[in-house]
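Have your viewer ready and follow along.

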Amino acid sequence: MRTLAQVCFLIGSLAGVISPGFAQAPPVSCIVNAAVPPTVRSEGLTERAGDFIVQCVGVSQSPVTGTVQVFFNTNFTSRLTSGATSEALLLVDEPAPGTQTAGVNLFQGTVSGPNALTFSNVPLFPAAAETASRILRLTNLRLDASALSGSPAQLIASVSINSSPSLPLNNPVQTVAFTGPALTFSPAGSGQCLVATGTLNFSESYPLQFKVVGTGFSLPGLVVNDESGFVPDPAIAGVGLADTGTRLSATFSGLPAGASISVPATASNGSLVLAAISPAGGGSVQATNGKATVVYEVTATSYLASESVSIPFTASGITGNLVVEGSFAPVSTIAAASDSAPIPRFADRGTRATVAVAACAAPTPAPATNAYGLALLLLILVLIAALRLRAAR
């Protein structure tokens with residue numbers, strides 16, 4: 001005959017055998033992980049940071065919905081598509097192209113401060129009777145790298161989740177990019193009075209400074225090294241696409257009225273190809289208020305090594321040294337999320353240099369004439385002619 005205590009012990013043991021998963025179900029917890037942080041341009045106002053992922057694992061008896069907030073250590077500058085709604089996206093469980101649906105597995109962020117981004121009503125975790133997981137990917141994060149000092153500087157994101165029940169979050173602070181060295185520019189050439197020839201030499205300080213505009217990508221987690229970012233499929237207007245490839249500009253200053261700068265339609269070196277944007281198709285740019293600017297856009301490049309290119313130029317109508325400043329373009333002061341400012345855009349960090357030109361020689365003055373002496377000479381010639389005429393008679 002078993003005692004009551006023994007019977008209770010057996011019932012408890014059987015309960016543990018029958019439903020060990022329920023008895024030992026782990027609570028939901030989340031961890032933040034960033035992709036390999038890319039190197040971004042230190043002059044850039046809209047540099048695309050790396051994605052980062054919030055992965056939650058555990059058991060919840062009911063769905064968990066909440067708010068995800070991200071704070072950065074610099075201004076957030078992704079494109080605005082409507083009001084404060086941003087092109088920055090939160091993807092739920094890595095949806096495949098063709099299945100990415102706004103409000104279901106794709107959420108646009110709202111800019112909630114100069115350096116803050118908020119995703120609301122996000123399905124953070126599903127209901128499950130046994131251990132489940134959820135992946136939240138944040139992408140299309142553009143940041144102002146130019147505001148950070150140090151070489152390299154770290155672009156940092158800090159994540160928080162507000163939900164009921166609350167979800168513990170591990171490693172909420174992540175490095176999402178590093179800044180690289182600045183663009184290298186050096187003009188070369190020489191000239192005489194009125195005409196000079198030379199080259200505008202641009203060089204990457206590290207691979208990936210030069211990028212084409214690209215068509216973006218729709219596969220979560222794919223790394224594509226162009227100016228565009230994640231483009232949902234089906235597409236959402238204004239989300240993911242950059243406006244241009246990397247642009248390079250050179251501004252000549254101190255030019256006299258009537259001076260002009262001529263450049264070719266294209267310039268290339270190996271796999272790197274640039275096309276003239278201003279003047280469109282190449283040609284001549286007339287000086288205005290003492291300045292003339294030429295702009296080129298990267299249309300082809302390799303991402304495997306640092307590249308360089310030399311753009312030939314001819315300066316006409318000049319009377320002294322050429323002062324040239326080279327930089328990324330366009331230069332802007334808009335260091336905030338915008339619905340109209342171009343992507344990419346850059347802070348004014350140009351490099352100035354001088355091309356030596358021989359000065360124009362001063363004109364040689366005409367010899368002065370003596371009016372009295374000239375008149376006397378003419379009179380003598382007339383008298384000689386008259387005497388010869390008389391002698392001839």
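## Two disulfides

Two disulfides are counted in this protein, and please keep in mind that the model is predicted. Counting the bonded cysteines along the chain, their pattern is 1-2, 3-4.

## Cys30 and Cys56

Let us begin with Cys30 and Cys56, which form a disulfide with sulfur atoms 2.0 Å apart. Distant parts of the chain are linked by this pair: Cys30 sits in strand β1 and Cys56 in strand β4, 26 residues apart. The link of Cys30 and Cys56 is right-handed, with 105 degrees about the S-S bond.

Are these two cysteines buried or exposed? Buried means under 20% relative accessible area. Cys30 has 1% relative accessibility, so Cys30 counts as buried. Cys56 is at 0% and therefore counts as buried too.

## Cys193 and Cys360

The other disulfide is formed by Cys193 and Cys360, whose sulfur atoms are 1.7 Å apart. This link is right-handed because the torsion about its S-S bond is about 80 degrees. Cys193 lies in the loop between β15 (184-192) and β16 (194-203), and Cys360 in the loop between β25 (351-355) and α3 (371-392). The pair is 167 residues apart and links distant parts of the chain.

Here the cysteines are partly exposed: Cys193 has a relative accessible area of 30%, and Cys360 has one of 29%.

## The largest nonpolar core

Now for the packing. In soluble globular proteins, nonpolar side chains tend to be buried together. In this model, the largest nonpolar core holds 38 residues, and Phe52, Leu90, Phe119 and Leu141 touch the most other members. Which elements give two or more residues to this core? They are β1 (29-34), β4 (52-58), β5 (64-72), β7 (85-92), β9 (116-125), β10 (132-139), β12 (154-163) and β14 (173-179). Strand β9 provides the largest share, five residues.

## Another core

Technical notes:
Residues numbered from 1 in each chain as written. Predicted model: local features only at pLDDT ≥ 70, side-chain atom pairs only at ≥ 80, totals over all residues. Heavy atoms only, no water. Core = buried A, V, L, I, M, F, W, Y, C linked by side-chain atoms within 4.5 Å. Buried < 20%, exposed > 50% of the residue type's maximum accessible area, 1.4 Å probe, protein only. Helix = DSSP H or I, 4+ residues; strand = E, 2+ residues; numbered from the N terminus. Disulfide = S-S within 2.5 Å.
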